[in-house]
Amino acid sequence: MIKKFAFFIAGLLALPSITWAAPCSRINLTKCLDSACAINLSSNPAARCQYCGTPDAGTPASGLKSISAGASSKNTISAKELKSAPNDPGERYVWATKKCLDIVQNCTAEDVSDAYDPLIEKSCTAAGISSDMARLAKKATTNKKTAATCGDEISVCLTADTRCKANYSACPDDETFNKFFATCSSQATGCTNFIATVRDELNQTRKSAVSATSQNIEKIVAAHQAARKNQISTIQNNCKSNTNFNDCVKTVCKNNTNNNCATSQEKTIANSLCEFHKTACTKVK
């Protein structure tokens with residue numbers, strides 16, 4: 001499964017006020033991340049994977065509102081800020097992490113990884129699940145049944161959410177499949193002559209669906225792991241060269257001192273404000 005990575009947000013320019021007396025609320029942290037990564041989650045279980053996981057999960061539907069729309073804005077990223085969120089899932093994950101660590105106090109990048117990576121993995125599993133249901137809508141239009149109409153009728157019954165489900169995920173083994181098939185075939189009147197043929201066809205469809213889903217999930221998870229490795233590699237390189245620390249010092253000197261760090265006191269203040277970059281680098285593994 002996905003390894004947990006600790007990382008910091010490149011380009012952060014001001015050290016947030018941190019009160020260590022209170023622990024990180026991972027419930028609020030998840031709520032905040034969901035406001036950017038779980039849009040329309042109720043109708044799209046793959047949302048977290050599509051928005052903040054991997055491009056391999058597909059493109060989420062456009063024109064949707066934030067999950068927090070119409071609800072309290074506490075501990076969520078505002079709709080206005082979401083307009084500037086990156087479209088690339090990896091970049092959006094980092095962007096959302098930066099925003100939420102500012103919004104939810106006393107949390108760290110490690111809290112983000114521990115609390116949210118498992119949710120993204122589950123969402124990526126959902127993203128690998130797909131099935132073409134159009135064929136299953138076909139019904140018999142006459143009283144005379146054929147192998148095709150019997151197949152459709154039994155298939156609609158078999159792939160109901162209370163039985164094998166559309167992707168056959170609830171029937172991974174022969175025993176479960178046989179139990180539900182027996183129920184559905186007994187309800188399909190006039191199909192006695194076609195039961196054996198229909199069973200073989202649907203069983204083969206089931207095996208193919210289960211195999212394809214497994215392979216697709218492995219591909220999505222592998223892509224997610226690769227993206228995280230690339231992100232951590234970039235961070236490690238920046239740590240070696242002190243790029244983010246030096247950029248932070250320059251920005252603080254320019255924007256927050258009177259003499260652009262011309263004095264040793266101003267340099268000391270700027271270095272202190274940006275020291276969190278070096279601290280974060282010690283956490284990167």
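The model is predicted: local features require pLDDT of at least 70, side-chain atom pairs count only at pLDDT 80 or more, and totals for chains, interfaces and linings use all residues. Residues are numbered from 1 along each chain as its sequence is written, and side-chain values use heavy atoms, with hydrogens and water left out.

**The whole chain**

Begin with the entire chain in a cartoon view. The chain has 10 helices and zero strands; helices (H or I, at least four residues) and strands (E, at least two) are DSSP runs, numbered from the N terminus. Along the sequence the pattern is α-α-α-α-α-α-α-α-α-α.

Next, colour the chain by accessibility. Of its 285 residues, 40% are buried, where buried means under 20% relative accessible area, exposed over 50%, and partly exposed in between (1.4 Å probe, protein chains only). The accessible surface of the chain comes to about 15,900 Å², and carbon and sulfur atoms hold 52% of this area. Accessible areas come from the Shrake-Rupley method with a 1.4 Å probe; for residues, only the protein chains shown count as cover.

Contacts (heavy atoms within 4.5 Å) may be displayed at this stage. Among those in the chain with a separation of 6 or more, 70% are between residues 24 or more positions apart.

Now select the cysteines. The structure holds 10 disulfides, each a pair of cysteine sulfur atoms within 2.5 Å.

Select C24 and C107, which are joined by a disulfide with an S to S distance of 1.9 Å. This link is right-handed, with 90 degrees about the S-S bond. C24 lies in the segment before helix 1 (26-37) and C107 in the loop between helix 4 (89-103) and helix 5 (109-127), so the pair ties together parts that are 83 residues apart in sequence. Both cysteines, C24 and C107, are buried.

Move to C37 and C52, whose sulfur atoms are 1.9 Å apart in a disulfide. The link of C37 and C52 is left-handed, with -75 degrees about the S-S bond. Because C37 belongs to helix 1 and C52 to helix 2 (residues 47-52), this pair ties together parts that are 15 residues apart in sequence. C37 and C52 are buried.

Then select C49 and C124, a disulfide with an S to S distance of 2.1 Å. The torsion about the S-S bond of C49 and C124 is about 90 degrees, and the disulfide is therefore right-handed. The pair links distant parts of the chain, with C49 in helix 2 and C124 in helix 5, 75 residues apart. C49 counts as buried because its relative accessibility is 0%; C124 counts as buried at 1%.

On a 1 Å grid over the protein atoms alone, a cavity is a set of points where a 1.4 Å probe fits but cannot get out, and lining residues have an atom within 4 Å of a point.

A search of the whole structure finds one cavity of 30 Å³ or more. The largest cavity contains about 40 Å³ of space; grid points are joined across faces, edges and corners, and a volume is the space filled by probe spheres set on the points.

Technical notes: 1 Å grid on protein atoms, 1.4 Å probe; cavity = no way out; pocket = protein on both sides within 12 Å on 5 of 7 lines; lining within 4 Å.
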